[in-house]
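Please look through the model below, beginning with the chain as a whole and ending at the ligand.

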Amino acid sequence: MRRPRGGESERPPPGRVEIHEGDNLPLLAALPDASFDLIYVDPPFNTGRDQERRRLRTERGDDGDRVGFQGRRYRTTVLGSARYADHFDDYLEFLVPRLREAHRLLAPTGSFFLHLDYREVHYVKVALDGIFGRDAFINEIIWAYDYGARSRRRWSAKHDNILWYARDPRRYHFDHDAIDRIPYMAPGLVGPVKAARGKTPTDTWWHTIVSPTGKEKTGYPTQKPLGILERIVRVHSRPGARLLDFFAGSGSFGEAAAALGRDVVLIDANPEAIAVMERRLARFAPQVLRPAPIVEPTAAPVEEPAGGAHEAVSILPPSPTGLGPSPLHTPGNRAKDA
Ligand SMILES: C[S@@+](CC[C@H](N)C(=O)[O-])C[C@H]1O[C@@H](n2cnc3c(N)ncnc32)[C@H](O)[C@@H]1O
């Protein structure tokens, strides 16, 4: 990707990051209306299995379990793994209440991006048309990649679908000058000046997946590439805007947002995701809010000290998320939320 022509010539100061551990539905319900300029989510795709990424160490060894280049044998040791469940009896019943919250939380010129794949995208598109209105659907972006095994029985599925809805289709933020440029397929047909400048992408975005051996990799399953998310952040929001990802995983959207000077709230129910985000986003000094530990009742009630875990306050004023000291984080309410 080439840098955009206009828009942001210099990187703005980094944005603030707030990370919340917990089921997103009750956390979203506690947020004020119209409090975010851009919401991106990449929910579980309902693949019907657990998503797992194992971290392996590979060493040469004659007794190795894998055979590599020139027949050399390698021993693999599993160092650890990260996983989350991705099977739902009724996917729409799970997702739709969260999509309604996304709609409520969007500012009047805000945009919503939903990242899915071929399995559920058609059903969810119909649901979103009902929530946002059909005229609020602006684009279906196809992220095309080319990696991994190929099927011998059908065309191999090598793309994801990203649906873009505007809160108001008559006025939404879209900064054309902030779009990066890509090379022409046939530069000889357009002349040297145009060829050097490149062209803007269409609704089909070619981009590699996160390299399994590259610097960007966190080890969290289904991590999305920064290049895709930076494009969304740059074009669909301004520096200083308030962004939200409530299926945050390893925090890819959070990293794109904060690095480009946007404040961002990230939510995930999986403690492993929270740990990965805490490490990955450490340079932005994130505020991390976890549910209060469940304390067994004792015979004599213990008085809670002032300023304890329940007193943590959201870091994103002036329109605060209000999530910090939420009673939703207390053990009593967790049972109700489940
Ligand atoms: C596809 S992954 C997100 C990956 C992320 N975009 C990245 O680049 O790393 C989906 C995430 O949704 C989280 N999740 C699933 N159900 C959730 C819920 N009810 N509340 C909050 N997070 C949830 C999972 O723990 C998982 O981390």
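The paragraphs that follow go from the overall fold to a helix pair, a strand residue and the ligand shell.

The model is a predicted one. Its protein chain contains eight helices and 12 strands. Of the 338 residues in the protein chain, 32% are buried. Among contacts in the protein chain with a separation of 6 or more, 71% are between residues 24 or more positions apart.

Two packed helices are described by the angle between their axes and the distance between the axes. For helix 2 (residues 91–105) and helix 3 (residues 121–132), the axes come within 10 Å and cross at roughly 35 degrees. The crossing of helix 2 with helix 3 is right-handed. Helix 2 contributes L92, L95, V96, L99, R100 and H103 to the contact, while helix 3 contributes Y123, V124, A127, L128, I131 and F132. By class, this contact between helix 2 and helix 3 consists of 10 nonpolar residues, one polar and one charged.

Strand 6 (residues 106–116) holds F113. F113 counts as buried because it has 22 C-beta neighbours inside 10 Å, where the cut-off for a buried residue is 20 or more. Apart from neighbours within four places in sequence, F113 contacts Y40, I162, W164 and I232. L163 lies 50 residues from F113 along the chain, yet the C-alpha atoms of F113 and L163 are separated by 5.6 Å.

Around the ligand there are 19 residues, of which F247, G249, S250, S252 and N270 come nearest. By class, the shell around the ligand has eight nonpolar residues, seven polar and four charged.

Methods:
Residues are numbered from 1 along each chain as its sequence is written. This is a predicted model: local features need pLDDT of at least 70, side-chain atom pairs count only at pLDDT 80 or more; totals for chains, interfaces and linings use all residues. A residue is near a molecule or strand if its C-beta atom, placed from the backbone, lies within 6 Å of it. Ala, Val, Leu, Ile, Met, Phe, Trp, Tyr, Cys and Pro count as nonpolar, Asp, Glu, Lys and Arg as charged, and the others, Gly among them, as polar. Helices (H or I, at least four residues) and strands (E, at least two) are DSSP runs, numbered from the N terminus. A residue is buried if 20 or more other C-beta atoms lie within 10 Å of its own, exposed if 12 or fewer, and partly exposed in between; C-beta atoms are placed from the backbone. Two residues are in contact if their C-beta atoms, placed from the backbone, lie within 7 Å. Axes are lines fitted to C-alpha atoms, for helices over the stretch in contact, and angles run from 0 to 180 degrees between N-to-C directions. A crossing is left-handed if the near helix is turned anticlockwise from the far one by less than a right angle, and right-handed if clockwise.
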